[in-house]
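This report covers a few selected parts of one structure. Look at the sequence and the model first, then read on.

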Amino acid sequence: MTATMPETAAKPAETAKAAEPAEPSWEERYAVPAREVYRRTLLELARTDPRIICVDSDMGGLETLFGEELPRQYVNVGIAEANLMGVSAGLAATGLLPYANTLSGFAAARACEQVKIDVAGNNLPVRIVATHAGLSAGHYGPTHHAVEDLAILRTLPNLTVVVPADAVETEYAVRATADLPGPLFLRLGRAATPLVHAEPYEFTVGKARELRAGTDVTIVATGPYPVSMALEAARELAGRGVFARVLNMHTIKPLDREAVLAAARETGGIVTVEDHLVAGGLGAAVCEVVTQDAPCRVHRIGVPDRFFDHVADERQLLELAGISPAEIAAAAARLAAAPR
């Protein structure tokens, strides 16, 4: 005789529990473009904080993801970046927390005067969230490359500049700066990039994160591909007996002077890596610190002083510009071998 379970055996609570969707894995949550994680995080914060206003410049997607759910907290000024900054500054002056969304090249160049005068000049809590930074908009050509943005914006008083290394750090950075009293520039790419972080960690604005210990040489990198390439280079160097310290310099301003000076004093030199012009970006910021307080050899790896007319993806353009694990490893090995 075959026993059958009574119909009452399946309790409603158990049925409901079985129907609940499983929690996404780490990869499922973060193996997506950083800008998607930013948008998701912004919406989560805005649901509980009515001060948060999403100010859009017709970026595409925000009008449905954010605007349809929270229409009273969404404004689309259209493709008018100067107005984007002016409107955001006005909202911030009333006590609101506007997030101004645009492309990095447009924020730094087209709307530079408004960022300088309206936002930074008044020390207002406007969060400028710029995508397509560096060479990540490679398929659009040099008109959309944003390899001068850090050089422009890090010179503005009051402005905090953050460049997450991956989608994980993007979420952490958005949450960590939600209550920042002054203006913020958050620099993001376009497409998904390799994950640097495989587990939770503590993100602190202005505090570099050591991803790999080492005493022979230090690699200081900022941004998704530069940081992941720095780690690739460090692994290659370790195989040759050269131990490189790797610092993820996610905050360009304020720069972690303590970490830079420690690298200058404790290792054989510093290699900087960035998806930005060699002039004016991370490398320049590091040189400003060490030349004043702890002179050491610094080799800067970044985009050379020319326009790139090639159409390619971000990594291909970076390698064309001389930014690659091989170049990083070669520069680091030379510094490590040089007499101290």
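## Strands E3 and E4

In this predicted model, asparagine 101 stands opposite valine 129 in E4. Strand E3 (residues 97-103) and strand E4 (residues 127-131) run parallel and are joined by five bridges. Strands (E, at least two residues) and helices (H or I, at least four) are DSSP runs, numbered from the N terminus.

## The sheet

An open sheet of seven strands has the order E2-E1-E3-E4-E6-E5-E10, with mixed pairing; two strands pair if DSSP finds at least two bridges between them. The edges are strand E2 (74-76) and strand E10 (251-253), each with a single partner strand, so one side of each has no neighbour in the sheet.

## Valine 174

Helix H9 (residues 167-176) contains valine 174. Valine 174 counts as buried because its relative accessibility is 2%; buried means under 20% relative accessible area, exposed over 50%, and partly exposed in between (1.4 Å probe, protein chains only).

Leaving aside residues up to four places away in sequence, valine 174 touches Tyr38, Thr41, Leu45 and Leu186, where contact means heavy atoms within 4.5 Å. The C-alpha atoms of valine 174 and leucine 42 are separated by 7.5 Å, though the two residues are 132 residues apart along the chain.

## Threonine 193

Threonine 193 is in the loop between strand E6 (184-187) and strand E7 (209-212). Threonine 193 is buried, at 18% relative accessible area. Pro224, Tyr225 and Glu314 touch threonine 193, not counting residues up to four places away in sequence.

## Basis of the values

Residues are numbered from 1 along each chain as its sequence is written, and side-chain values use heavy atoms, leaving out hydrogens and water. The model is predicted: local features need pLDDT of at least 70, side-chain atom pairs count only at pLDDT 80 or more, and totals for chains, interfaces and linings use all residues.
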